[in-house]
Amino acid sequence: MHHHTFPADLVQAQREWYVTYRQLAASAGTQTTVLRRRLVRLSVLVAAHPFWATVPDCGPAARMQLKALAWDAAEETPGTAAGAGGR
C-alpha cells in the first residue's frame, strides 16, 4: 500500500468533518441546520481538493488512508466545540 503525504488543509478539513458529524449526531436539534451546512461545505472542500488530481490511479485507497488519518486525529481532539475551525 502506498502511503500518501496529504496537505495539512485537506487533513484538517477531513478532521473537522468528523468532529462536525459527531456534533450533529449528538445535537438535540438546536443547531442541526448550521451543522448540516458546515458538513456540506467540508464535504465539498475534501472532495474537490486539488490533491486528488495528483493520485488518479489510487484515489479510493488514498481517500481511505486520509479518512483513517483524520479519524485518529479527530479522536485525539478533546472538547472540540461546535463551529471549530472557523469555516
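**Reading the fold**

Author: Of the contacts in the chain with a separation of 6 or more, 76% join residues 24 or more positions apart, contact meaning heavy atoms within 4.5 Å. This is a predicted model, in which local features need pLDDT of at least 70 and side-chain atom pairs count only at pLDDT 80 or more, while totals for chains, interfaces and linings use all residues. Residues are numbered from 1 along each chain as its sequence is written, and side-chain values use heavy atoms, with hydrogens and water left out.

Reader: How many helices and strands does the chain have?

Author: Helices (H or I, at least four residues) and strands (E, at least two) are DSSP runs, numbered from the N terminus. The chain has three helices and zero strands.

Reader: How is the packing of two helices described?

Author: Two packed helices are described by the angle between their axes and the distance between the axes. Axes are lines fitted to C-alpha atoms, for helices over the stretch in contact, and angles run from 0 to 180 degrees between N-to-C directions. Here H1 (residues 8–26) and H2 (residues 32–47) have axes that come within 9 Å and cross at roughly 155°. The two helices are therefore roughly antiparallel to each other, a term for angles over 145 degrees.

Reader: Which residues of H1 and H2 meet?

Author: On the H1 side they are Leu10, Ala13, Gln14, Glu16, Trp17, Thr20, Tyr21, Gln23 and Leu24, and on the H2 side Thr32, Leu35, Arg36, Arg38, Leu39, Leu42, Ser43, Leu45 and Val46. The residues of this contact divide into 10 nonpolar, five polar and three charged; Ala, Val, Leu, Ile, Met, Phe, Trp, Tyr, Cys and Pro count as nonpolar, Asp, Glu, Lys and Arg as charged, and the others, Gly among them, as polar.

Reader: Is Trp52 buried or exposed?

Author: Buried means under 20% relative accessible area, exposed over 50% (1.4 Å probe, protein chains only). Trp52 has 10% relative accessibility, so Trp52 counts as buried. Trp52 lies in the loop between H2 and helix H3 (59–75). Not counting residues up to four places away in sequence, Trp52 touches residues including Phe6, Leu10, Val46 and Leu66.

Reader: What does the side chain of His49 reach?

Author: His49 is also placed in the loop between H2 and H3. The side chain of His49 reaches the backbone nitrogen of Phe51 at 3.0 Å. Beyond its neighbours within four places in sequence, His49 is in contact with Pro7, Asp9, Leu10 and Val44.

Definitions and conventions:
Parallel < 35°, antiparallel > 145°, perpendicular 65-115°, else oblique. Polar contact = N/O pair within 3.5 Å; in protein donor to acceptor, adjacent residues only side chain to side chain.
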